Amino acid sequence: MTDANWDGLPLAGTPTILGGVALVGSGSAVPCQRVTNDQLGQRVETTDEWIRSRTGIGSRCVIGSDETLTSLSKQAAEAALKMSGWSADSLDLIVLATSTPDDLFGSAAQVQAKIGAKQAAAFDLTAACSGFLFAVITASQFLRTGAMRRALVIGADQLSRWVDWDDRRSCVLFGDGAGAVALEATSAENNGLLGFQMKSDGSRGDCLNLPQFQDHLPLVASSTYQKGGFETIQMNGQEVYKFAVREVPAILQTLLSATNTTPDGLDWLLLHQANQRILDAVADRFDIPKNKVLSNLANYGNTSAATIPLMLDEAVRDGRIQPGQLIASSGFGAGLSWGAALIRWQGPA
Ligand code: UT7
């Protein structure tokens, strides 16, 4: 198991932290097709009542024939740029958190080209449902050291391509979407990423994975090759549930302690939108009232790396999240991986 943390003070042997990072804009996009629980009940043996009561999910959006992960990411990125008042060619960096790129070599460069961010380096980062927070933390390192000035972090996934739509135990959970945030280098006093925690435990990875085919074909005499291709999402729902309700409160507690923050000082709890029961259990652990717990999974299901920026963007645009407010966020999922960040939302200048 690996462990890394940062509590605002440089650790011995790490580069000096020069400045802060401000979250100044957000954007999001979901596919046009919406599939309700009742519609899913026409395909697998399930009911709206079962799905709502066990997960809180009412419907999800699924990528259609004229949409791609790149096109959704482009829409989310452009909305975040617009809110920030930035031109695309002012970007230095694009990090696309996704486990489901359109191209196995990565989709970030396609997004970079489509939005016209000619100066930006772009790469994908894979950490499943923790990917967005891991990407925000990664991009922030370039900004805080002064190496770069402006970054766009996108969380996007199209799990609908990889779900077994005949497996009622998993297919009811997932949906597709994309969300983005604009990050800018700023002074240490204006820093908006007040602390973070990241964890991985590959020894428990088989609770939730998407393995490759084991398909060995003859190559030349006495050699074989493994044909490319993936199976469908494999999940032990109960194990993942137990992992989430144990590890998310623990990592949030570590984050709060490291940043001298009390739960009642938080304006919002913004968790990976996997299951309403998980959101409720984590909030209960900290006595955080329901009106401070952001939730939109009823409309989108679990969109993996997209859930946190999708929810953030919705709450910024409808005025719930205001400039200067404090948000505790946690992502968790396949890997297994999990992370947390304490964020002060700044919004556009
Ligand atoms: O990003 C992380 C992604 N993964 C997760 O967040 C998953 C976390 N886990 C969960 O959210 C929950 O474990 C689930 C929602 C997946 C399942 O809820 P549960 O309360 O743990 O149900 P269960 O697996 O214990 O199944 C209870 C029953 C079973 O029937 P029997 O064996 O008791 O007769 C299942 O076969 O519910 C049955 N079932 C369903 N019934 C109707 C499972 N899926 C369905 C379904 N509709 N879609």
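Visitor: Across which strands does helix H5 lie?

Guide: Helices (H or I, at least four residues) and strands (E, at least two) are DSSP runs, numbered from the N terminus, and contact means heavy atoms within 4.5 Å. Here helix H5 (residues 131-144) lies across E2, E5, E6, E7 and E8, running at about 165 degrees to E7; axes are lines fitted to C-alpha atoms, for helices over the stretch in contact, with angles from 0 to 180 degrees between N-to-C directions. Helix H4 (residues 108-115) lies across strand E5 (93-97), E6 and E7, at about 140 degrees to E6. The model is predicted, with local features needing pLDDT of at least 70 and side-chain atom pairs pLDDT 80 or more, while totals for chains, interfaces and linings use all residues. Residues are numbered from 1 along each chain as its sequence is written, and side-chain values use heavy atoms, leaving out hydrogens and water.

Visitor: In what order do the strands of the open sheet come?

Guide: Strands of a sheet pair through backbone hydrogen bonds, either parallel or antiparallel; two strands count as paired if DSSP finds at least two bridges between them. This open sheet of five strands has the order E2-E8-E7-E5-E6, with mixed pairing, and its edge strands, E2 (20-29) and E6 (121-125), each pair on one side only.

Visitor: How many bridges join strand E7 to strand E8?

Guide: Nine bridges join E7 (residues 150-158) to E8 (residues 176-186), and the two strands run antiparallel; Leu-152, for instance, has Ala-182 in E8 as its bridge partner.
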